[in-house]
Amino acid sequence: MAVDPLIELHDVNKYFGALHVLQDINLTVGKGEVVVIIGPSGSGKSTLCRTINRLETIESGTIKLDGQPLPAEGKALAKLRAEVGMVFQSFNLFAHKTVLQNVSLAQIKVRGRKKEEADKRSRELLDRVGLASQAPKYPAQLSGGQQQRVAIARALAMNPKALLFDEPTSALDPEMINEVLEVMQQLARDGMTMVVVTHEMGFARSAANRVVFMSDGRIVEDRTPEEFFTNPRSDRAKDFLSKILKH
Amino acid sequence: MNVLTDNFSIFAEGFLGTVELTVYASALALALGFVMASFRVAPVSSLRVFGTVWVTVLRNTPLTLLFFAVLLGLPRFGLVLPFKVFAILALGCYTSAFICEALRSGINTVPKGQGEAARSLGMTFHQTLSMVVLPQAFRSVIPPVGSTLIALAKNSAIAGAFSVTELLGTYKTLSELGYNIVWTFFWIAVGYLIITLTISAIFNVLEKRWGVPR
């Protein structure tokens, strides 16, 4: 795999005060690859996901997107972030904007599209995630699953090269998890490059090209889902899997 | 009772004076308060220091002292303006410190994820602040800003002591003319109520209009 790398992390280190949250992380995500990051809470998987578009800064190491190193704060960083969509655990839809405005805002302000053009694309995407009829509503009027699907449409509207998912289903009721996972499955089939932090092992098995297992700020395993789930190498992963797959 | 009907023009003049002071000083306080609040959350540290000093000095100075400083101090440095303008400057600057803090607390009520989502879509710091954070902060600062402006309307009475025409000051003229002081103050109070209740009403409308479900 990884013939044509899109996201490259080299020897990335990050600290929260004395806590060494990311330790010598090396990870390459190829174009069209779906990489699922799993691990116990506090293992640094969300932080890792957030460093890729520099919502978290790093102390040392390099992160490259499509061959370009991540710039420091400023216009160049904003430009690069527009190429990487992000979906958050808590959706983070703009509370003062309607669903349609949420999806259109950055298209107009960042991509410079005309309002009609942006709204047309927004409606197409809302239709794709099954929410065309919700366009005039405010986020608070939607269910969690619907909000998350709007958030995915909002990220897709920028025509990103890759999408980052930071525990996209962790704040959802069990019933709503599937509607979000289905949208993500479809994206994976369409060849979108995705980095997904999740606890959904079913999704990891069926949609991922690779599973990255993290523990205590390190990448412990980086293998195909089949190999990882049937025959984990490390004790830490065995222990983790035995706990979550018991029920 | 006939103190109002007999001296309507005196009351009207004072009333309009207070309205004028309130409107101009409010506009100044809102504009300055907005600028100072953006200074205080700016990524540039010198701007943050300036905003903090501005708020600390003005918020902790008694308003009467500030009036003395502006009305008697500034002319010594060659800046001579009508007393009414000085009064507006003093009131506006003083109140801007409170507006700034109300706005800043509003900015802090907007969840961090809103700004992160905006930045992750490629929006710049300025776009994030002006299109995502401030419009939401605005909704939660409507009540405290309303209170601050009501306080401003009442604080404008201090200007009367510096011979600026305003509502409270009318009692001097009227008591010299021998009118009952109780009824004079009653009608003055009614005048203030008209102004402050109008401000309340405006802010109630704003709150209804912009109060979007979260």
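This is a predicted model: local features need pLDDT of at least 70, side-chain atom pairs count only at pLDDT 80 or more; totals for chains, interfaces and linings use all residues.
My strands and helices are DSSP runs (E, at least two residues, for strands; H or I, at least four, for helices), numbered from the N terminus. S4(A) and S5(A) run antiparallel and are joined by 2 bridges. I looked up one partner: Lys64(A) bridges to Pro69(A) in S5(A).

Residues are numbered from 1 along each chain as its sequence is written, chains are lettered from A and ligands numbered from 1 in the order in which they are written, and side-chain values use heavy atoms, with hydrogens and water left out.

Strands count as paired here if DSSP finds at least two bridges between them.

Strand S1 (residues 5-16) of chain A pairs with strand S4 (residues 60-65) of chain A over 5 bridges, in the antiparallel sense. Glu8(A) has Lys64(A) as its bridge partner in S4(A), and Asn13(A) has Ser60(A). So much for the strands.

UniProt, in an unreviewed entry, lists "domain: ABC transporter" at residues 7-241 of chain A. UniProt positions are in the numbering used here, feature names are shortened, and annotations may be inferred rather than shown by experiment. I get 37% helix and 26% strand for residues 7-241 of chain A, with the end C-alpha atoms 27 Å apart.

How many helices and strands does chain B have? I count 9 helices and 0 strands. The C-alpha trace of chain B spans about 70 × 45 × 20 Å along its principal axes.

From UniProt (unreviewed entry) I took "domain: ABC transmembrane type-1" at residues 15-207 of chain B. That stretch of chain B is 81% helix and 0% strand, and its end C-alpha atoms are 27 Å apart. The unreviewed entry also places "transmembrane region" at residues 21-42, 49-74, 80-100 and 181-206 of chain B. I looked at two of these spans. Residues 80-100 of chain B are 86% helix and 0% strand, with end C-alpha atoms 28 Å apart. Residues 181-206 of chain B are 100% helix and 0% strand, and there the ends lie 38 Å apart.

I find 20 residues of chain B in contact (heavy atoms within 4.5 Å) with 25 residues of chain A. About 2000 Å² is buried between the two chains, 66% of it from carbon and sulfur atoms. Buried area is the accessible area (1.4 Å probe) that two parts lose on being put together, summed over both. In chain B, Arg119(B), Ser120(B) and Leu121(B) lose the most area to chain A, together 30% of what that side buries.

Next I looked for charges. There is 1 salt bridge between chain B and chain A, where a salt bridge is a side-chain nitrogen of Lys or Arg within 4 Å of a carboxyl oxygen of Asp or Glu. The side chains involved are Arg50(A) and Glu116(B), at 2.7 Å, N to O. Helix H6 (112-120) and helix H7 (125-155) of chain B each give two or more residues to the side that touches chain A. H6(B) gives the most, with 7 residues.
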